[in-house]
Every structure is written in C-alpha cells, then in structure tokens.
Amino acid sequence: MQQKPVLYSYWRSSCSWRVRIALSVKNIDYEYRTINLVKNGGEQWQPEYEALNPSHTVPTLIIDGHTIGQSVAIMEYLEETRPQVPLLPKEPSQRAKVRQVVETVNADTQPLQNLRVLQWLQKEAGEEKRNTWLQHFLTLNIQALEQLLRRYSGKFSVGDEITLADCVIPPQYYSAIRYKISLDNCPNFVRVAKALDELPAFKRAHAFSQPDAPENPEY
Ligand SMILES: N[C@@H](CCC(=O)N[C@@H](CS)C(=O)NCC(=O)O)C(=O)O
C-alpha cells in the first residue's frame with residue numbers, strides 16, 4: 001500500500017502554499033508537518049530538517065519514497081506522476097505562458113522577499129530600509145503579474161482552466177495585502193485572485209486554514 005505523502009510546510013510560507021494548492025486541486029491526501037520558520041531561530045536550520053532539505057527552506061514533500069525540495073520541482077513531479085487533474089495545458093505555447101507566470105514569482109521575486117533576506121536586511125540596514133525594499137520589489141512583481149494576466153487570463157491566470165500559474169497568485173495577493181501594496185491599477189490580478197479565493201480547493205490550501213496558523217490570523 002502507498003504511504004500518504006508528507007508535506008513539511010509553514011502556514012505563512014508562500015512556497016509551501018503553492019504546493020498545498022497543487023496537492024489540493026489534484027485531490028492528493030497528505031500528512032502536514034510544521035516547520036516553524038520563526039520559532040527558536042527557525043526549525044528549518046535544525047540538522048534533522050537539513051537532512052531532508054539542504055536549502056533549509058520549506059516546502060519539502062516526501063512522496064513515492066522520494067524526498068523532494070523546491071516547490072516548482074514538487075509541482076512538476078505531481079503533474080508528471082498524477083496528471084488526472086492536469087495543471088499544465090496541452091499546447092506548448094500555453095504551457096510556456098503558465099511557466100512564465102510561475103517563474104515571475106518563483107525566480108524573480110520570492111528570493112527577494114524571503115524571510116532570511118528580510119531578517120538580514122533588518123539587522124544590517126534597519127526596519128525602514130527592509131520595508132522600503134519589500135514595497136519596491138513586491139510592487140514590481142504585482143505590476144508584472146498584472147501585465148501578464150491582462151494578456152493571458154480568462155477566468156483564471158492563463159485561460160479558463162486552473163493551472164500551475166494559479167498556484168502562485170494567492171500568496172502574492174496575500175503579501176500585497178499584508179504589506180499594503182496598492183492594487184488600484186491591477187484589476188486583472190485582483191479579479192483572478194478573488195476568483196481563486198472562492199474555490200474549495202484553494203480555501204483548503206489557504207494559509208489561514210493550516211493547522212499551524214494562529215487562532216485569529218491576520219493579513
Ligand atoms: N525556491 C524555493 C524557495 C523556498 C523558500 O525560500 N521557502 C521559504 C518560505 S516561502 C523559507 O523556507 N524561508 C526560510 C528562510 O528564509 O530561512 C522553493 O520554491 O521551494
């Protein structure tokens with residue numbers, strides 16, 4: 001009998017959130033294990049976790065006897081092994097668009113908004129600089145997403161079907177609200193984010209629905 005996949009996650013982690021969405025949309029049941037990124041200097045740095053993920057980051061997924069890190073590698077693995085609910089379109093140019101949206105968050109911006117970067121900035125340059133940095137790079141990212149969604153979106157980020165592109169939108173929407181980024185000129189981004197928010201699979205994966213979320217979580 002197949003063992004249940006195990007997801008190492010943190011409720012607020014945008015990269016874990018992406019993978020939770022992919023698991024949820026594909027109806028894959030899994031066990032949730034918390035890696036608290038802020039408690040005791042961060043559980044991601046403990047040797048037991050380093051053995052699973054040398055990058056000291058979440059998520060990590062244990063599945064089919066494999067231990068996989070990097071959210072996009074995990075989502076691609078799920079897509080290749082469990083294609084029944086597809087998250088990539090059939091047509092290569094549509095796939096490229098989906099991956100373009102994914103990488104606009106994954107490669108361009110998430111590394112700049114990551115906890116360790118913000119902690120380092122705060123220590124070296126102070127809170128104000130850290131906040132200006134975050135505002136600047138998040139705004140650039142949301143504007144780029146708006147332009148892409150203006151070209152590619154239908155009901156969802158790329159066309160009318162849920163794709164991997166939709167897995168990266170909710171965490172960026174959440175960050176935009178949390179860090180008070182103006183969304184006035186981002187109607188497509190907001191429309192798609194709100195449409196996704198309504199879907200049961202996305203509700204299950206939401207940061208606030210996770211077992212390690214605080215009792216009254218706030219944006
Ligand atoms: N490229 C990696 C990035 C993973 C990552 O940076 N995760 C963040 C949470 S979203 C983390 O664990 N940060 C911990 C830290 O910065 O110490 C992925 O997509 O999985």
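A: What follows starts at the ligand and then moves to the loops and helices. This is a predicted model, in which local features need pLDDT of at least 70 and side-chain atom pairs count only at pLDDT 80 or more, while totals for chains, interfaces and linings use all residues. Residues are numbered from 1 along each chain as its sequence is written, and side-chain values use heavy atoms, with hydrogens and water left out.

The ligand is surrounded by 17 residues, and the closest are Gln44, Val58, Gln70, Ser71 and Asn114. A residue counts as near when one of its heavy atoms lies within 4 Å of the molecule. Some side chains also make polar contacts, meaning pairs of N or O atoms within 3.5 Å. In glutamine 70, a side-chain N or O atom is 2.6 Å from a nitrogen atom of the ligand. In serine 71, a side-chain N or O atom is 2.6 Å from an oxygen atom of the ligand. Arginine 116 has a polar side-chain atom 2.9 Å from an oxygen atom of the ligand. On its own the ligand has 510 Å² of accessible area, and the protein covers 93% of that; such areas come from the Shrake-Rupley method with a 1.4 Å probe.

Proline 59 sits in the loop between helix H2 (47–52) and strand E3 (60–63). Helices (H or I, at least four residues) and strands (E, at least two) are DSSP runs, numbered from the N terminus. In the loop between E3 and strand E4 (66–69) lies aspartate 64, a residue other than glycine with a positive phi, near 55 degrees.

Ser71 belongs to a helix contact as well: Ser71, Val72 and Glu76 in H3 meet Arg99, Val102, Glu103 and Asn106 in H4. Contact here means heavy atoms within 4.5 Å. The residues of this contact divide into two nonpolar, two polar and three charged. Ala, Val, Leu, Ile, Met, Phe, Trp, Tyr, Cys and Pro count as nonpolar, Asp, Glu, Lys and Arg as charged, and the others, Gly among them, as polar. Helix H3 (residues 71–81) and helix H4 (residues 92–106) pack at an angle of about 155 degrees, and their axes are 11 Å apart. Axes are lines fitted to C-alpha atoms, for helices over the stretch in contact, and angles run from 0 to 180 degrees between N-to-C directions. H3 and H4 are therefore roughly antiparallel to each other, a term for angles over 145 degrees.

Definitions and conventions:
A polar contact is a pair of N or O atoms within 3.5 Å; within protein, one must be able to donate a hydrogen and the other to accept it, and residues adjacent in sequence count only if both atoms are side-chain atoms. Angles under 35 degrees count as roughly parallel, over 145 as roughly antiparallel, 65 to 115 as roughly perpendicular and the rest as oblique.
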